[in-house]
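Visitor: I'd like to go over the charged pairs in this one. Can you take me through them?
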Amino acid sequence: MNKVDALRKSINGLMNKVNATNIKYIIPELFAENSIRGRGLFCRSCMKSQLASPVFTDVFAALVAVINTKFSEVGDLLLKRILLQLQRAYKRNDKPQLLASVKFIAHLVNQHVVHELIALELLTILLENPTDDSVEVAVGFVTEFGSILRDLSPKAFHGILERFCGILHEGEIDKRVQFLIEGLFALRRFHPAIRPELDLVEVEDQLTHKVSLLDEIDPENLHI
């Protein structure tokens, strides 16, 4: 087994066993690996694990947030790869992958790895020409990061709610999706931005990445 294969196997093993309880013990093991040389392997493993287990998205985002404080190249590369994955899923109308991508972005916003403007840009795209699928994805997205958006950008937050209200009144979407919007208004059921056990990065150590969804991301530059 060569060094790259050994590094891949080690990173995959750590990603497969990380959870909210053991994350503090997994982090030093990841730092012990060659995180710069293995940044592509880490990002690939992280995205694959998140796609397979979306319920652990906040755990993976917390892990990235800590790695990002020491190796910002990792956070930057991961964001670009997620955005590329999202763009491809959107064009193919691949809803499962689109849902996974926006959920990851939401929790990276919660962890201040990704700027909230990217999330607002994504919401604008999803709600500009609303379909049943795009509105469903947008509702799920806001549910995940609504609490932090409300705190960071209250004006933008209320603007998004007004857009949902407009879509509801237009009455052109499926009843099931209308109920999702109504549930969002009725309960304000936004998830807490970060669970206490995953709040691992001090404010002064946070490093946030500014990349636009409208930028053309060259896949050739992401094979590292």
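**Salt bridges between helices**

Guide: Start with lysine 103, which counts as partly exposed at 22% relative accessibility. Keep in mind that this is a predicted model.

Visitor: Which side chain does lysine 103 meet in a salt bridge?

Guide: Glutamate 144, at 3.7 Å from N to O. The two are 41 residues apart, with glutamate 144 in helix α8 and lysine 103 in helix α6.

Visitor: Is glutamate 144 buried or exposed?

Guide: Buried, because its relative accessible area is 10% and the cut-off for buried is under 20%.

Visitor: OK, the network then. Which residues do salt bridges with shared partners join?

Guide: Lys95, Asp133, Glu136 and Arg176 form one network.

Visitor: What is the N to O distance between lysine 95 and aspartate 133?

Guide: It is 3.4 Å, in a salt bridge between their side chains. Lysine 95 belongs to helix α6 (residues 95–110) and aspartate 133 to helix α8 (residues 132–152), so this pair ties together parts 38 residues apart in sequence.

Visitor: And how about lysine 95 with glutamate 136?

Guide: Those side chains also meet in a salt bridge, 2.9 Å from N to O. Glutamate 136 is in helix α8 and lysine 95 in helix α6, so the pair ties together parts that are 41 residues apart in sequence.

Visitor: Changing topic: how do accessibilities look there?

Guide: Lysine 95 is partly exposed at 23% relative accessibility, and aspartate 133 is partly exposed at 27%. Glutamate 136, at 18%, counts as buried.

Visitor: Last one. How many salt bridges does the structure hold?

Guide: 10.

Definitions and conventions. Residues are numbered from 1 along each chain as its sequence is written. This is a predicted model: local features need pLDDT of at least 70, side-chain atom pairs count only at pLDDT 80 or more; totals for chains, interfaces and linings use all residues. Side-chain values use heavy atoms; hydrogens and water are left out. A salt bridge is a side-chain nitrogen of Lys or Arg within 4 Å of a carboxyl oxygen of Asp or Glu. Helices (H or I, at least four residues) and strands (E, at least two) are DSSP runs, numbered from the N terminus. Buried means under 20% relative accessible area, exposed over 50%, partly exposed in between (1.4 Å probe, protein chains only).
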